[in-house]
Amino acid sequence: MESRSFNIINANIISLDSNCPKPKSITINNGQIESLENLNHSLPTIDCHGATIIPGFIDSHFHLRNLGKRLDMVQLKGVDSLEKIKKLVINECLHKKPGELILGFGWDQNLWESNDFPTSDILNLIAPNHPIIFTRIDGHATWVNQNCLDIVGYKKEDGIPDGGDIINDCILIDNAMSITSSINQKNTLDNVKQWIQNATDIIVKRGICSVHDAWQNQTIINAIQELIKENKFPIRCYGMLDGSDEELCDNFFRKGFMNSEKYTIRSVKAFIDGALGSRGAALLKPYSDDTHNCGLILISHEEFNKLAKRCAASNYQLNTHAIGDRGNRMVIDTYSKYTKEKDIRWRIEHAQMVTSKDLDRIVNNNIIPSMQPSHCTSDMKWLPSRIGNHRLHRISRWKTFINKGAKIAGGSDCPIEDGNPLFELYAAITRQNHE
């Protein structure tokens with residue numbers, strides 16, 4: 001194991017400490033900063049030869065398990081044509097036994113010439129003997145083939161789950177993704193531990209020292225706890241419980257917060273709507289390129305209000321995914337009953353499309369917008385056609401939030417985005433993508 005005690009000299013040190021903004025040295029003792037400009041001569045000294053040293057990054061919206069899990073899938077992120085995807089599928093079939101599940105992640109129809117969802121015949125024709133589940137880049141839709149639907153026994157007459165939709169007989173939107181969940185990758189404790197370890201191996205190299213993990217079930221919790229015991233968890237983690245798991249939440253509400261040096265749980269994650277890319281984000285008025293569709297609401301008012309009441313009673317932070325302007329309004333309506341008079345620091349995760357009136361309500365009700373700047377720059381090529389130029393001013397309003405006094409929790413939503421803090425900072429400052 002590498003030493004956790006040493007001095008650092010000859011570096012461009014940016015401390016963010018106003019009392020000593022540019023120290024000439026740092027002393028680390030047992031993994032913690034012991035002093036600035038006060039060398040401990042009993043420790044080894046590292047000469048950085050002028051390299052820049054900054055405080056570690058905290059990513060406020062991350063998915064550790066998903067990052068590691070999706071490394072094992074067919075990589076569809078950034079693939080800009082259906083023909084290229086077909087070739088990837090054909091190649092994957094050559095390496096699979098008949099009947100073996102094929103998983104993929106990252107497809108985005110907005111990158112293709114057709115700019116629309118694929119039809120069912122594409123996967124059915126080239127891979128009739130394999131069940132296929134391809135997750136869209138936003139995680140709010142899957143593209144499946146008929147073999148997959150046959151295995152789970154789904155028929156059209158079975159209907160569509162509330163808060164979901166099915167397009168072209170092969171695109172499962174939001175809650176409809178549950179139809180094929182029984183044959184997806186198995187989230188065993190060993191699998192999840194390996195996925196999380198693979199993820200942390202990647203992000204520590206990006207200077208990420210801590211993440212807010214934006215959805216955790218009991219298996220993820222157990223996996224992180226075991227990795228910490230095995231000294232295989234090199235970061236700190238702030239966990240958000242799966243708000244749809246009533247038993248899990250109640251267990252934690254009864255016990256209070258979970259606090260340790262590396263792992264804290266005192267928050268809950270909920271979902272109001274879907275995403276703009278799959279037209280599942282809940283809008284006040286229809287999509288400009290789908291004029292009969294206002295998106296999806298994934299949880300009823302009654303269920304969401306009940307969850308908020310339980311979180312408030314247990315002093316747990318509530319962090320709710322809301323992307324569309326209607327979705328954000330619903331969250332504000334519920335939050336404002338609790339946040340107006342009390343600093344409980346409830347968050348809206350994404351707050352991506354917000355009217356001016358609701359932006360003021362977020363600020364005035366002490367709600368924290370938790371935003372991912374690269375969502376804006378990833379979506380900007382197709383947003384005008386999706387919501388119309390007349391609504392673009394509602395998108396990713398982090399500068400307006402800041403000017404009005406809001407504190408923004410910054411993150412990446414990795415693996416939906418790359419999980420590189422420098423990309424997020426660049427997007428936040430320039431409103432351009434990192435290319």
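The following questions and answers concern a predicted model.

Biologist: How many aromatic pairs does a search of the whole structure find?

Modeller: The search covers the whole structure. Rings count as a pair if their centres lie within 6.5 Å. The number of aromatic pairs found is ten.

Biologist: Is the pair of Trp107 and Trp112 stacked or edge-to-face?

Modeller: The two ring centres are 6.0 Å apart, and the angle between the planes is 25°. Planes under 30 degrees apart fall in one class, and those over 60 in another. By that cut-off, the pair of Trp107 and Trp112 is stacked.

Biologist: Is Trp112 buried or exposed?

Modeller: Buried means under 20% relative accessible area. Trp107, its ring partner, has a relative accessible area of 0% and is buried. Trp112 has 4% relative accessibility, so Trp112 is also buried.

Biologist: Trp107 and Phe117 also form an aromatic pair; how many residues apart in sequence are the parts that this pair ties together?

Modeller: The pair is edge-to-face, with 6.2 Å centre to centre and 75° between the planes. Trp107 lies in strand S9 (residues 102–107), whereas Phe117 is in the loop between S9 and helix H3 (121–126). Both residues are buried. The pair therefore ties together parts whose separation in sequence is ten residues.

Biologist: Which residue has its charged end over the ring of Trp107?

Modeller: Ring pairs link Trp107 into a cluster with Trp112, Phe117, Phe134 and Trp143. A charged end sits over the ring of Trp107, 6.0 Å from its centre. That charged end belongs to Arg136.

Biologist: Which residue lies over the face of Phe257?

Modeller: For a charge over a ring, the cut-off is within 6 Å of the ring centre. At Phe257 the distance from the ring centre is 5.9 Å. The residue over the face is Arg266.

Biologist: Is His212 buried or exposed?

Modeller: His212 is placed in strand S14 (residues 208–216). Its contacts, not counting residues up to four places away in sequence, include Ile58, Phe62, Tyr238 and Arg347. The relative accessibility of His212 is 16%, which is why His212 counts as buried.

Biologist: Which strands stand at the edges of the open sheet of six strands?

Modeller: The strand order is S8-S9-S10-S11-S13-S12, and the pairing is mixed. An edge strand has a single partner strand, so one side is left without a neighbour in the sheet. The strands at the edges are S8 (74–75) and S12 (164–167).

Biologist: How many of the nine residues of strand S17 are buried?

Modeller: S17 spans residues 263–271 and is mostly covered. Strand S15 (residues 236–242) pairs with S17 in the parallel sense over six bridges, with Leu241 opposite Val268. The number of buried residues in S17 is seven.

Biologist: What is the bridge partner of Met258 in S17?

Modeller: Strand S16 (residues 258–259) pairs with S17 over two bridges in the antiparallel sense. S16 and S17 form a hairpin, with three residues between them. In S17, the partner of Met258 is Ile265.

Biologist: Through which helix does the chain cross from S17 to S18?

Modeller: S17 and strand S18 (residues 317–322) pair in the parallel sense over five bridges, and Phe271 has His321 as its bridge partner in S18. The β-α-β crossover is right-handed, and it passes through helix H8.

Technical notes: Residues are numbered from 1 along each chain as its sequence is written. This is a predicted model: local features need pLDDT of at least 70, side-chain atom pairs count only at pLDDT 80 or more; totals for chains, interfaces and linings use all residues. Side-chain values use heavy atoms; hydrogens and water are left out. Buried means under 20% relative accessible area, exposed over 50%, partly exposed in between (1.4 Å probe, protein chains only). Helices (H or I, at least four residues) and strands (E, at least two) are DSSP runs, numbered from the N terminus. A charge sits over a ring if NZ of Lys or CZ of Arg is within 6 Å of the ring centre and within 35 degrees of the ring normal. Contact means heavy atoms within 4.5 Å. Two strands pair if DSSP finds at least two bridges between them. A crossover is right-handed if, with the strands pointing away from the viewer, the path from the first strand over the helix to the second runs clockwise.
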